[in-house]
Amino acid sequence: MTIVVAYKWAPNPQDAAVGSDGSVDFSRAKSAISEYDPVAFELARQVADATGAEVVGVTVGDASIDTSLARKAALSRGLDRLVIVADDRLAGADSTRLAAVLAAVVRGIGDVDLVLAGESSVDVTEGQVAMTLAGQLGWLGLNAVSSVSATDGGYAIERDVPSGTASMVLTGPAVLAATTDAVLSRVPGMKDILGAAKKPVEVLSLDMLDVSSAQVTLTAVSASRPAAGNRQRVIIDGSDPTAAAAELVGALRAAKVL
Amino acid sequence: MTSDAAGPDFDVVVVGAGIAGSVTAYRLAERGLSVVLIERGDVPGSKNLSGGVLYGRVLETVFPHYLNEAPVERRITRHVTTFLNADSAVSLDYSADGLAEPGNAVTVLRAKFDPWLAGKAEEAGAFLMPGVRVDSLLTGPGLDGATTVVGVRAGDDELRARVVVAADGVNSFLASSVGLRQKQPTNHLAVGVKAVIRLPRADIESRFGVSGDRGAAHAIVGDCTLGIGGGGFIYTNTESLSLGVVLRLDDLLRSGHTAIEVFEHFTQHPGLQQYLHGGELIEYGSHLVAEGGYPMVGEVAMNGMLVAGESAGLAINSGLTVRGMDLAIGSAIAASDAVVEAVAAGDTSKAGLAGYRRRLDESFVMQDMRTSARAPKFLERNRMYGPYGELIADVLQNAFSLDGTPREHLLNVARHALRRSPLTLRQLISDGWAGVRAL
Ligand SMILES: Cc1cc2nc3c(=O)[nH]c(=O)nc-3n(C[C@H](O)[C@H](O)[C@H](O)COP(=O)(O)OP(=O)(O)OC[C@H]3O[C@@H](n4cnc5c(N)ncnc54)[C@H](O)[C@@H]3O)c2cc1C
């Protein structure tokens with residue numbers, strides 16, 4: 001059996017600059033494994049250690065996602081091997097297209113019964129790829145997954161739902177998107193990174209893949225920032241802590257918060 | 001790869017993929033040694049501040065065509081030194097196109113330059129290991145009974161090597177952990193606050209009087225540091241400026257100001273707005289600079305370990321220029337040659353690695369450290385940072401403000417100005433002499 005970790009090599013929002021008009025500039029941002037994805041690596045490793053499955057990392061994107069740094073970053077997080085599609089025709093691809101390419105890769109690997117992914121990517125934050133991938137594959141898709149463990153012939157799953165936690169068991173192939181705190185992910189150590197360099201990497205060409213193409217185009221028209229809310233813009237001078245605390249209490253009382 | 005007693009994991013562990021570490025790793029890998037280059041930043045350069053002026057001739061001895069290959073910003077053909085007062089400024093402008101060939105000094109941004117350099121080491125065969133912070137050295141007793149470094153530890157993992165090269169920068173805790181470096185007195189350290197601001201290319205070229213790939217380096221002393229020992233700088237990159245202040249730590253502490261306050265005073269100084277206005281801040285940070293000069297360089301080798309770059313105290317602050325990157329490269333050349341020699345001879349003890357210090361002493365690195373040995377003392381003369389600029393401005397004010405009264409001979413003007421200034425003629429001569437000897 002094989003477990004796939006679908007992850008994104010994404011620009012780090014910490015390096016992004018937000019312009020005065022609210023536009024976000026990622027041009028100076030360095031890329032890394034999208035911050036919400038390490039949980040998926042960790043869950044996959046834990047399940048595989050229990051079942052003896054193989055863990056394969058899959059990532060797709062433009063040519064810049066295939067560097068030695070990017071390979072080591074992924075392979076040092078418990079993968080057995082890595083499959084990459086790095087093609088500039090995927091630059092700026094939307095979530096549907098990325099999911100379609102991922103689906104083609106998963107089909108090509110065969111023998112996969114579980115795909116794990118993060119909740120969303122840090123840069124786009126739409127949270128669509130995992131569920132679209134499930135649809136493309138015709139598999140079950142579940143998001144908000146907070147726990148996965150192997151059972152006889154399937155998996156036991158917990159989900160965060162508005163009313164609390166739901167437990168369920170699953171047989172048959174599925175795509176699961178994990179919550180950011182589903183599990184504590186390990187930071188790769190020196191041996192993990194050295195080991196990463198010895199693991200196999202397969203680079204697939206987009207042309208070799210059987211990617212379904214939906215005849216839909218989506219064009220962004222505009223985007224606006226959320227309303228600023230009813231801010232009072234009161235700044236309290238904190239040089240005298242006692243006076244500042246009293247003033248804060250006074251201001252909160254006046255605003256009928258206390 | 002195992003780290004049992006059987007043998008080392010690598011010939012050499014280099015800690016820190018800054019300038020010194022990457023050049024060392026490159027030269028060792030080129031010569032066929034197995035090398036791991038460990039860097040705590042997720043990407044080399046991500047922990048290193050903005051950059052500055054690289055006096056790059058020495059890099060040509062390692063990468064003859066680096067100017068065409070490396071991400072360098074501009075070739076410096078114009079050096080401007082400004083004495084800045086609250087409401088006046090006196091500048092000395094030295095420009096020569098000859099400075100561009102073959103590239104005496106260039107500006108670099110470390111966020112781009114360090115990954116390039118580390119990439120070179122990786123291409124040559126070094127194993128680049130980013131995202132790992134070395135926590136401690138592995139040590140054991142050497143044949144001579146003295147402590148021997150046998151590897152490094154990070155988290156739960158250990159890596160063993162014949163030689164560890166500590167290139168972990170000015171705060172080198174690796175060197176101090178084995179007693180190679182003592183805690184530095186505050187007058188051996190300066191605090192640098194640096195920023196990069198984005199500015200359109202056309203604005204840079206018109207404001208600084210440069211074009212094409214040519215650039216300017218401005219050194220500024222006086223009111224811009226609120227009179228605190230140190231200075232400010234503005235360097236032109238392709239589409240941004242690197243700027244900041246370097247402040248003597250002891251003087252800063254004495255002044256009661258914070259480095260940030262001084263930095264803000266600098267960036268808002270009316271005398272500098274012609275260069276800075278409209279710039280958009282894109283990077284900002286603060287860092288220590290070693291400026292103890294020659295006395296700060298102590299032991300650079302021990303059994304199983306060398307210390308290179310600024311972790312060995314190799315940096316020079318002449319008051320007008322801060323140099324560290326070129327010395328880091330020079331020390332990396334010396335360190336890698338010495339390691340190759342020691343590994344080949346099968347003796348990586350302190351004696352086996354003695355070739356490092358000898359090469360350092362013979363190279364420009366120690367010669368320049370010695371030449372500038374007096375610079376730190378010179379910089380401790382506080383009048384450099386206030387009264388001088390005012391004195392010169394006063395003289396020029398008299399010379400240039402023609403108000404109808406008969407002109408005095410400039411020497412007389414200077415004499416009167418000096419009388420009004422808190423400086424004495426003796427201080428002037430003494431500082432002048434100290435300056436000539438220091439620079
Ligand atoms: C404000 C300011 C202005 C300056 N301007 C100039 C200038 O214009 N020209 C010039 O030549 N020099 C300048 N310098 C000095 C120059 O930056 C340094 O001398 C130079 O960077 C030293 O190089 P290095 O390789 O020794 O150390 P660094 O460049 O500091 O590299 C050390 C590396 O080690 C890594 N590291 C540290 N500890 C660990 C650890 N435990 N585990 C793993 N990795 C670790 C760090 O992340 C870093 O990448 C300036 C310095 C300052 C602060």
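A:Thr125 is placed in the loop between strand E8 (112–118) and helix H4 (129–137) of chain A, where helices (H or I, at least four residues) and strands (E, at least two) are DSSP runs numbered from the N terminus. A:Thr125 has a positive phi of about 50 degrees although it is not a glycine. This is a predicted model, in which local features need pLDDT of at least 70 and side-chain atom pairs count only at pLDDT 80 or more, while totals for chains, interfaces and linings use all residues. Residues are numbered from 1 along each chain as its sequence is written, chains are lettered from A and ligands numbered from 1 in the order in which they are written, and side-chain values use heavy atoms, with hydrogens and water left out.

**Chain A: overall form**

- Chain A contains six helices and 13 strands, and its C-alpha atoms fill a box of roughly 65 × 40 × 40 Å along the principal axes.
- Of the 258 residues of chain A, 38% count as buried; buried means under 20% relative accessible area, exposed over 50%, and partly exposed in between (1.4 Å probe, protein chains only).
- Among contacts (heavy atoms within 4.5 Å) in chain A with a separation of 6 or more, 73% are made by residues 24 or more positions apart.
- Chain A is divided into domain 1 (2–208) and domain 2 (230–258), with bounds from an automatic or database domain assignment.
- The centres of domain 1 and domain 2 of chain A, taken over C-alpha atoms, are separated by 45 Å.

**Chain A: strand E6 and its neighbours**

- In strand E6 (residues 54–61) of chain A, seven of the eight residues are buried, and the strand is thus mostly covered.
- Strand E1 (residues 2–6) of chain A runs parallel to E6(A) and is joined to it by five bridges; two strands pair if DSSP finds at least two bridges between them.
- In this pairing, A:Ala6 stands opposite A:Val58 in E6(A).
- E6(A) also pairs in the parallel sense with strand E7 (residues 81–86) of chain A, over six bridges, and A:Val56 stands opposite A:Arg81 in E7(A).
- Together with helix H2 (residues 68–75) of chain A, E6(A) and E7(A) make a right-handed β-α-β unit; a crossover is right-handed if, with the strands pointing away from the viewer, the path from the first strand over the helix to the second runs clockwise.

**Chain A: residues with positive phi**

- A:Thr125 counts as partly exposed, at 47% relative accessibility.
- A:Ala144 lies in strand E9 (residues 140–151) of chain A, and its phi is near 55 degrees, a positive value in a residue other than glycine.
- A:Ala144 is buried, with a relative accessible area of 18%.

**Salt bridges within the chains**

- Side chains of opposite charge can pair when their charged atoms come close.
- The structure holds 38 salt bridges over all chains, each being a side-chain nitrogen of Lys or Arg within 4 Å of a carboxyl oxygen of Asp or Glu.
- A:Arg81 and A:Glu54 meet through their side chains in a salt bridge (3.0 Å, N to O).
- This pair links distant parts of the chain, with A:Arg81 in strand E7 and A:Glu54 in strand E6 of chain A, 27 residues apart.
- A:Glu54 is partly exposed, with a relative accessible area of 27%.
- A:Asp87 and A:Arg89 form a salt bridge, with the closest N and O atoms 2.9 Å apart; A:Asp87 is buried at 16% relative accessible area, whereas A:Arg89 is partly exposed at 49%.
- In chain B, the side chains of B:Arg75 and B:Asp213 meet in a salt bridge (3.4 Å, N to O).
- B:Arg75 counts as buried at 14% relative accessibility, and B:Asp213 is partly exposed at 34%.
- A network of salt bridges links B:Arg248, B:Asp250, B:Asp251 and B:Arg254.

**Chain B and the interface with chain A**

- Chain B has 16 helices and 19 strands, and 55% of its 439 residues count as buried.
- B:Ser22 lies in helix H1 (residues 19–30) of chain B and is buried, with a relative accessible area of 0%.
- Not counting residues up to four places away in sequence, B:Ser22 touches B:Gly16, B:Ala17, B:Leu37, B:Leu117, B:Ala118 and B:Ala121.
- At the interface, 14 residues of chain A are in contact with 25 residues of chain B.
- The two chains bury about 1700 Å² between them, 65% of it on carbon and sulfur atoms; buried area is the accessible area (1.4 Å probe) that two parts lose on being put together, summed over both.
- Two salt bridges are found across the interface of chain A and chain B.
- A:Asp25 forms a salt bridge with B:Arg198, the closest N and O atoms being 3.7 Å apart.
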